[in-house]
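Reader: I would like a close look at one part of this model, namely the open spaces and whatever lines them. Please take it slowly and go on to the parts next to them where that helps.

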Amino acid sequence: PKVCVLGSREQLCINQEVMRQESNHIKVHMCRQKVSTRSCLYYNNVEEKSTDRDLVNSIIDVEDLVKFGNRQKVCPYYLSRSLKQQADIIFMPYNYLLDPKSRRAHNIELNGAVVIFDEAHNVVRSIPW
């Protein structure tokens, strides 16, 4: 099966200029600006690297995705979103599933999906009541 893992910019961004920012809000804003102006070297390589056979045919975790991004000079954050489009299995944090706003933001559709929670003892704290 084709597999991908989703994570936050905090976990996946490898652009040192962005990651040096103290506030997560500023990191997100700076990232989006760099993407929209195509001034992020790593983002600009996503389309080309998203078809890499080693990547597409592997089961990788967040750490492996970051290593791949550093080796190939490609943005792991946007690469994961690109891989999600063809994935049969998607690994992601609880909040991406449980929070309706987050689901919409990540374009996650649960109709017809099988959902498996690993270490679900933390799920209750993640539910947006």
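Author: The largest pocket is lined by 25 residues, and those nearest its centre are Ile-90, Phe-91, Met-92, Leu-97 and Ile-116. The model is a predicted one. The space in this pocket comes to about 740 Å³. Strand E2 (89–91) and helix H9 (94–98) each supply at least two residues of the lining, and E2 gives the most, with 3 residues. Sorted by class, the lining of the largest pocket has 17 nonpolar, 4 polar and 4 charged residues.

The second largest pocket has a volume of about 320 Å³. It is lined by 14 residues, and the closest to its centre are Arg-9, Val-28, Arg-32, Tyr-77 and His-106. At least two residues of this lining come from each of H1, H3, H8, H9 and helix H10 (100–105). By class, the second largest pocket has 5 nonpolar, 5 polar and 4 charged residues in its lining.

Rolling a probe the size of a water molecule over the atoms shows where empty space is left. The structure holds 1 cavity of 30 Å³ or more, and about 90 Å³ of space lies in the largest cavity. Of the 14 residues that line the largest cavity, Cys-13, Asn-15, Cys-31, Cys-40 and Cys-75 are the closest to its centre. Helix H3 (24–36), helix H4 (41–44) and H8 are the elements that give two or more residues to this lining. The most comes from H3, with 3 residues. The class count for the lining of the largest cavity is 11 nonpolar, 1 polar and 2 charged residues.

H8 supplies residues to the lining of the second largest pocket and to that of the largest cavity. This helix spans residues 76–84 and is mostly covered, with 8 of its 9 residues buried. The buried residues of H8 are Pro-76, Tyr-77, Tyr-78, Leu-79, Ser-80, Arg-81, Leu-83 and Lys-84. Leu-79 and Leu-83 are also among the contacts of Ser-50; leaving aside neighbours within four places in sequence, Ser-50 is in contact with Val-56, Leu-79, Ser-82 and Leu-83. Ser-50 is found in the loop between helix H5 (46–49) and H6. With a relative accessible area of 14%, Ser-50 falls under the 20% cut-off and therefore counts as buried.

In H7 (residues 62–72), the buried residues include Val-62, Leu-65, Val-66, Phe-68 and Gly-69. Seen down the axis of H7, its buried residues fall within an arc of 160°, so they line one face of the helix. What covers the buried residues of H7 includes strand E1 (3–5), helix H1 (9–12), helix H6 (53–56) and H8. On the other side of H7, Lys-67 and Arg-71 are exposed.

The two ends of H7 complete the account. At the N-terminal end, Asp-61 caps H7, with a side-chain oxygen 3.2 Å from the backbone nitrogen of Glu-63. Just after H7, Lys-73 takes a positive phi of about 55°.

Key: Residues numbered from 1 in each chain as written. Predicted model: local features only at pLDDT ≥ 70, side-chain atom pairs only at ≥ 80, totals over all residues. Heavy atoms only, no water. Buried < 20%, exposed > 50% of the residue type's maximum accessible area, 1.4 Å probe, protein only. Helix = DSSP H or I, 4+ residues; strand = E, 2+ residues; numbered from the N terminus. 1 Å grid on protein atoms, 1.4 Å probe; cavity = no way out; pocket = protein on both sides within 12 Å on 5 of 7 lines; lining within 4 Å. Points joined across faces, edges and corners; volume = space filled by probe spheres on them. Nonpolar A, V, L, I, M, F, W, Y, C, P; charged D, E, K, R; others polar. Arc of directions from axis to C-beta. Contact = heavy atoms within 4.5 Å. Polar contact = N/O pair within 3.5 Å; in protein donor to acceptor, adjacent residues only side chain to side chain.
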